[in-house]
Amino acid sequence: MQRKFTQLMSATTLAASLLLGTSAHAADEFNHLVRIIVPFAPGGTSDILARIIAPKLSTAIGQTVIVENKPGAAGNLGADAVAKAPKDGHTLLLLDVGSLATSPNLFNNLTYDVEKDLAPVGMIMFAPYVLAVHPSVPTKNIGEFIKYAQSNPGKLAVANSGIGGINHIAALVVAKDKGINWKSIPYKGGSAASRAVVSGESNTIINGATATLPFVTSGQLVGLAVTGKSRLKNAPDLPTFKEVGLPAADYGTFQGMFTTAGSPPATVRRLNEELQKVLAQPDIQQKIAEQGGEVMAGKPDDLKNWLHASIKSFGAEIKAANIKVEQ
Amino acid sequence: MELLDNLMIGFSTAMQWNNLLFCLIGALIGTMIGVLPGIGPVPTVALLLPFTFGMPPASGFIMLAGIFYGAQYGGSTTAILVNIPGETSSVVTCLDGHQMARQGRAGTALAIAALSSFFAGTVATIVIALLSGPLSKLALSFTAVEFFSLMVLGLVAAVILAHGSVIKSLAMIGIGLLLGIVGIDVNSGAERMTFNIPEFADGLGFVSVAMGFFGLAEIMTNIEKPSQRVIVSQRMKDLFPSLADLKAAFPAALRGTAIGSILGVLPGGGAALPPFTAYAVEKKIAKDPSRFGRGAIEGVASPEAANNAGAQTSFIPLLTLGIPSNALMALMIGALMIHGIQPGPQIMVEQKELVWGVIASMWTGNLMLLIINLPLIGMWVSLLKVPYRLLFPAILLFCCIGAYGVNNSVVDVWLMLGCSVVGYFFNKVKVETAPLLLGMVLGPQLEENLRRAMMLSGGDFSVFVTRPISAVLLATVVVILLVLMSPAILRKRNEVVES
Amino acid sequence: MTEASEKTKQRPALEELLFGLFLAALAGGVFYATRRLSVGTAGDMGPGYVPQAISWGMLLFGLFFVGRSFVIPGERILPPCWRALILIPLAAAVFSLLVMKAGLAIASFLCMLVASAASSETRPLEILVFSLFISAGSVLLFVRALSLPVPIFPW
């Protein structure tokens with residue numbers, strides 16, 4: 001279904017890129033339609049990001065770029081499709097790379113090798129997490145909260161956006177470090193988790209700033225702390241995890257781009273250059289900021305190293321917490 | 001009057017000529033994809049999303065919303081004419097709508113569906129304007145415990161759908177629940193009964209299963225018997241409902257609207273609960289329930305109204321809380337964010353023009369749907385003149401293409417094929433498949449919420465009766481089951497009363 | 001009860017018996033397919049808890065129907081129409097086997113022809129022309145207008 005429409009869309013993107021005056025240097029690296037596969041349902045951060053980037057990338061490389069959603073199996077269905085695509089750099093994968101880092105540790109029946117079958121193109125953005133609680137939890141700041149959590153084992157229920165997701169692991173890491181015993185409650189995606197905490201079904205959440213901050217602003221949730229290097233512009237009162245000595249301080253949502261391993265190095269290099277150029281455009285930066293994130297452009301190797309290190313570190317946490325996915 | 005002011009703001013936005021145009025385009029596209037089986041509004045909206053980047057947010061949103069309710073309406077046309085449920089919600093419309101078509105009343109059924117939808121759309125617009133606040137509070141008061149009880153109630157309603165034995169219907173619901181379990185388990189991430197087919201990891205495709213059980217199995221059953229000529233009359237009198245029809249349909253549409261407006265607000269209930277529940281209620285309160293499943297006009301009016309009302313009130317959690325109640329609403333949030341609008345509770349105050357413009361456009365959109373669809377009824381009905389020996393291979397082909405189109409994968413065609421054989425078996429042993437389909441839709445949420453409620457309560461089952469809303473829902477379940485299980489007792493009592 | 005319907009009564013009631021056996025077989029299949037999933041406890045249900053609980057229910061329902069089939073008289077079931085039962089699924093199978101390799105045009109045309117053979121009322125010439133017409137129409141509608149990602153022809 002997705003594809004039939006994305007093709008219809010391809011025609012229109014083509015028309016759009018013609019109108020925008022496609023650059024004449026349609027280089028030989030790209031000679032046919034380029035697909036960005038988003039391994040999640042439409043409407044999520046990755047999907048929106050892909051749809052913002054696609055027309056810009058299209059103009060840059062002189063080929064039609066379409067976005068195709070291929071959701072399923074925690075992002076692994078779409079990733080597998082890219083891993084097995086023709087090795088010509090025309091099939092791209094844009095996703096929350098955290099899921100790529102946790103998958104090899106959670107599933108022993110993956111149909112592709114995350115590090116060997118996918119070639120990194122570049123990191124795109126980082127969005128921090130917010131730790132927030134339902135107002136019924138009697139704490140006003142992070143210090144009180146940690147004390148409360150330590151002295152009330154089993155009372156707090158932390159909603160996460162899916163088993164083995166990075167925010168699930170973040171909750172486990174914090175619990176282990178601070179000697180907290182709370183329940184992890186999995187939901188189908190971040191917005192279901194947000195709803196649950198706003199309604200008080202669960203009472204604690206560690207989730208993307210975009211989805212969570214509006215509820216903090218409106219008083220439906222009480223914000224306690226944020227991840228990332230510095231405080232958020234639109235929530236300057238919230239301390240960072242680092243300031244208050246919480247672990248998982250660099251956790252968050254990372255979005256990155258990959259293509260099929262074995263694609264010509266020149267094509268991958270060109271993709272990375274064009275991606276970095278696109279990400280440097282002010283309107284893209286602004287759109288990403290509106291999504292609650294910051295642009296995080298870099299070389300393919302940066303993404304490669306990040307992924308390699310993350311697979312290891314998440315793997316250790318997953319093992320320590322004894323998270324297992326039955327097959 | 002703040003409400004009047006707000007509605008005025010809304011209508012002044014919705015009535016701008018360009019917004020009317022976008023609304024019309026949305027409704028047209030929606031109707032078209034709704035008529036074709038297997039093609040749903042979510043990918044269509046995803047596809048058209050980039051086009052809305054350049055529009056003012058209100059126009060973009062109005063067009064996308066138009067696609068959504070246009071598709072809701074288009075699905076019922078296919079259901080009535082050829083008994084193929086192209087969307088979850090049109091399964092119920094198949095039950096009596098297609099029977100009406102077979103009796104030569106396709107025109108009436110289509111017109112009633114259109115009129116009920118319009119009526120429900122009008123009322124739902126007012127409901128959203130008046131009751132957004134309280135209804136969003138209701139949505140928030142539902143936790144895993146209440147959702148579980150609501151799903152149980154929904155499943156019991158499924159028993160009423162069928163007119164055969166209660167025990168057989170319960171068994172069919174069980175089969176549906178099992179089908180719904182196929183896929184990755186939310187709570188543990190484990191794959192269950194997927195038989196290593198990656199396409200099944202996110203569950204069996206509902207549309208493929210429904211087309212197999214309804215569309216294909218029916219073809220197989222039909223061609224056994226010599227074909228009967230369907231009477232196709234195209235006189236105006238027969239195309240449009242009579243006064244008696246309208247009289248029968250109106251109260252049903254009213255009840256359907258009420259049911260749909262409330263259930264639509266609850267996240268997760270989605271497209272399935274409102275029409276199924278509305279149908280069950282109609283059948284339960286009817287003087288002669290045996291008419292249902294044989295072309296009862298209330299069986300078309302009420303679910304159609306419920307469906308459309310629910311489709312509209314499902315915008316309430318999005319508009320008031322910034323919480324999407326289904327996949328499509330999640331997409332809408334994405335659309336808002338691209339326009340730099342932060343969805344959330346403050347949106348009602350900060351984006352008055354947008355929010356009320358969209359609400360008002362729901363009414364203009366429904367009016368357009370009525371204007372688009374009433375003249376088309378004659379054309380749709382003439383489709384039935386094609387003899388069945390030609391019609392059925394074409395229906396089969398469209399089912400195949402539709403099933404393929406759900407995920408662009410032949411796996412769904414094979415799934416449909418398998419379901420058609422089982423569906424033929426069910427027809428042979430005279431059990432009805434509608435309860436199975438509802439079980440399949442509600443099953444995953446039933447389990448998810450049960451397990452979540454148990455995790456939160458630490459394995460204490462008493463939460464289901466100590467929380468008031470849940471207790472009331474479960475009490476209703478018990479009462480319905482008692483009444484269903486003891487038709488003999490009830491009949492005797494009636495006889496006593498009458499004598 | 002009229003005499004005519006009395007004549008068609010039979011024991012065991014085949015409808016009940018077959019449906020009961022189907023349910024029992026389904027329950028068995030689910031038990032087998034979920035045998036490796038942990039069941040867990042009520043407070044922390046494993047992935048196997050709910051499917052196995054439902055399967056127990058299905059098994060009970062199945063046994064109930066099997067038992068009842070020997071107690072109550074049933075109506076005679078018409079033997080299945082093998083022609084329809086085989087050809088209709090076969091038509092769908094033809095479609096799914098051919099659509100990516102031979103293209104939508106050929107898959108549609110053959111799918112309709114195979115399906116039409118299921119009915120005894122089919123007229124050869126008429127269906128040939130009609131199938132050509134519909135196949136061409138679906139290529140135009142689905143591939144040209146809706147951009148369904150399938151090839152039209154094998155070449």
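Here are some questions and answers about how the parts of this predicted model are described.

Local features need pLDDT of at least 70 and side-chain atom pairs count only at pLDDT 80 or more, while totals for chains, interfaces and linings use all residues. Residues are numbered from 1 along each chain as its sequence is written, and chains are lettered from A and ligands numbered from 1 in the order in which they are written.

Q: What makes up the secondary structure of chain A?
A: Chain A has twelve helices and ten strands. Helices are DSSP runs of H or I with at least four residues, strands are runs of E with at least two, and both are numbered from the N terminus.

Q: Why is α4(A) called oblique to α12(A)?
A: Helix α4 (residues 97–106) of chain A and helix α12 (residues 300–321) of chain A have axes that come within 8 Å and cross at roughly 50°. That angle makes α4(A) oblique to α12(A). The cut-offs: under 35 degrees is roughly parallel, over 145 roughly antiparallel, 65 to 115 roughly perpendicular, and the rest oblique. Axes are lines fitted to C-alpha atoms, for helices over the stretch in contact, with angles from 0 to 180 degrees between N-to-C directions.

Q: Which residues does α12(A) bring to its meeting with α4(A)?
A: They are Leu307(A), Ser310(A), Ile311(A), Phe314(A), Gly315(A) and Ile318(A). Being in contact takes C-beta atoms, placed from the backbone, within 7 Å. Nonpolar covers Ala, Val, Leu, Ile, Met, Phe, Trp, Tyr, Cys and Pro, charged covers Asp, Glu, Lys and Arg, and the others, Gly among them, are polar.

Q: What makes α8(A) and α9(A) roughly parallel to each other?
A: The axes of helix α8 (residues 190–199) of chain A and helix α9 (residues 209–217) of chain A cross at roughly 20°, so the two count as roughly parallel. On the α8(A) side, Gly190(A), Ser191(A), Ser194(A) and Val198(A) make the contact. Its residues divide into three nonpolar, four polar and no charged.

Q: How much of chain A counts as buried?
A: Of its 327 residues, 60% do. Buried means 20 or more other C-beta atoms within 10 Å of a residue's own (12 or fewer is exposed, in between is partly exposed), with C-beta atoms placed from the backbone.

Key
Two residues are in contact if their C-beta atoms, placed from the backbone, lie within 7 Å.
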